[in-house]
Amino acid sequence: VPPKKKKQKKAAARAQAKALKGAKLEADPKLKKAKNGVPLSKLRYPVPTPEKMVDDKGRVAVGTFDKEFPIINLLDAKDVGVPKFLTRAKVTLWEALEVNFDDISFLTAMSVMGGAVTIALTLVYDKKTGEMISFMAPMLAKNGYMSENLMDGSATVAKSKLNSITFENCQNQGKAHVYGQGKKGKNKVSYDLQLTRWSDPAVGSMPFGGNISLYSQKDIFTVEGSVIFNGREYKANDATMAIIDDHRGYYPKKAHYDWVTNMGYCTVKGKPVKFGFNLTRNQSIDQDDYNENILWLGEKNDRLPPVYFKHYDYDHWRIYDEYGTIDLDYQVHDRNLVKFNLGIACSDYSITFGDLKGFIIGEDGTKYEIDDVGIGEDRSMKLL
């Protein structure tokens, strides 16, 4: 075949593939056209939540759901990549609170690792100095426990002389209470925060392949109460917003995810608007159908498309989507780094704080301009 005709054939094939891709996009019943032109899968919109996270056959529910799971029975899951007696060591359990005050960003979290170790972690980031103080206490699993669910006062608790944390979860009533205290050398922190849910929750379960799935519920709240850090009290006000992030499930043996969040006020046409967002890129096998990207707007939630994280260097990230509706520049100023390599298990895990600037465009085409402190994570791990 002459070179000219070969070139013409390749061009024709590319044009045909492009046309077919466009036709599939329009015809695919899973996809919904948002008003701003972004295709959003119908699976990203919530359906009624099953009573159990794991059904009687041992399969983990996947999808987007409208409320809390009454029964979070992840240890009943089958075929999660390890023998049954190691299931407890394989499962990840985590509950965290992030709060955006005027002068500080605050995070407190509890995690059960490997079924044997409890980690209590509290971070205070000073927005003016760009510095963070970490209060972290590893302890035996018996010194902490995860809530059975997020309903009717079920509690997540970690108790240590260095760092104690309690989550009283009443998300089915739109409430939560988080309190605790920590110390590290001359540094001390205590907090008592009453939370009232401000928008619908984001509840989902993302498949990572086979029966390996990760459940996540994220709720955004208004806040009453305060954090006392090194003798200074930081009181919540009308601008103070918080997110409780509860996630549990199974990761692949080798896993990586990136995450960033912000809550408080952004700008729309020069006016302040209360909002919050969550953006994550993990190992979901279908990012269009199963992701946890969301924009909280009080009276409603906007679903957001899959995002990408580009790390220009250690402290400079970009978060964006392929449609031009999300574009954020993130300059990290400080981080809490946990890094270890035990051969059979290893982790390189940063929780970061820094300046977040850019925009997110919602489903109706409204542009939300962001210029605030963000909280992020960058984690690579090797597990059982």
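## Exercise 1: The lining of the largest cavity

Strand S3 (63-65), strand S13 (202-207) and strand S14 (213-229) each give at least two residues to the lining of the largest cavity. Keep in mind that this is a predicted model.

**Task.** Find which strand gives the most to this lining, and describe the lining by residue type.

**Solution.** 
- Step 1. Start with the space itself: the largest cavity has a volume of about 140 Å³.
- Step 2. Look around its centre. Of the 17 lining residues, the closest to the centre are Ala202, Val203, Gly204, Asn291 and Glu292.
- Step 3. Turn to the strands: S13 gives the most, with five residues.
- Step 4. Sort the lining by type, and you get five nonpolar, eight polar and four charged residues.

## Exercise 2: The second largest cavity

**Solution.** 
- Step 1. Sort by type: four are nonpolar, three polar and four charged.

## Exercise 3: A polar residue in a strand

**Task.** Decide why Asn169 counts as buried or exposed, and find a polar partner for its side chain.

**Solution.** 
- Step 1. Locate Asn169 in strand S10 (residues 163-170).
- Step 2. Check its accessibility. Asn169 has a relative accessible area of 0%, and buried means under 20%, so Asn169 is buried.
- Step 3. Look for a partner: the side chains of Asn169 and Glu95 are joined by a polar contact of 3.4 Å.
- Step 4. Look further around. Beyond neighbours within four places in sequence, Asn169 is in contact with residues including Ser147, Asp152, Thr156 and Lys175.

## Exercise 4: The nonpolar cores

**Task.** Name the residues with the most contacts inside the largest nonpolar core, then explore what Leu97 touches.

**Solution.** 
- Step 1. The largest nonpolar core here has 69 residues, and Leu97, Phe106, Leu193, Leu195 and Ile351 have the most contacts inside it.
- Step 2. Zoom in on Leu97: among the residues it touches, leaving out those up to four places away in sequence, are Phe106, Phe167, Val178, Leu193 and Ile244.
- Step 3. Apart from this core lies another, of 21 residues, including Val260, Val307, Phe309 and Leu328.

Note on methods:
Residues are numbered from 1 along each chain as its sequence is written. This is a predicted model: local features need pLDDT of at least 70, side-chain atom pairs count only at pLDDT 80 or more; totals for chains, interfaces and linings use all residues. Side-chain values use heavy atoms; hydrogens and water are left out. A nonpolar core is a set of buried Ala, Val, Leu, Ile, Met, Phe, Trp, Tyr and Cys residues joined through side-chain atoms within 4.5 Å. Buried means under 20% relative accessible area, exposed over 50%, partly exposed in between (1.4 Å probe, protein chains only). Contact means heavy atoms within 4.5 Å. Helices (H or I, at least four residues) and strands (E, at least two) are DSSP runs, numbered from the N terminus. A polar contact is a pair of N or O atoms within 3.5 Å; within protein, one must be able to donate a hydrogen and the other to accept it, and residues adjacent in sequence count only if both atoms are side-chain atoms. On a 1 Å grid over the protein atoms alone, a cavity is a set of points where a 1.4 Å probe fits but cannot get out, and a pocket is an open set with protein on both sides within 12 Å along at least five of seven lines; lining residues have an atom within 4 Å of a point. Grid points are joined across faces, edges and corners, and a volume is the space filled by probe spheres set on the points. Ala, Val, Leu, Ile, Met, Phe, Trp, Tyr, Cys and Pro count as nonpolar, Asp, Glu, Lys and Arg as charged, and the others, Gly among them, as polar.
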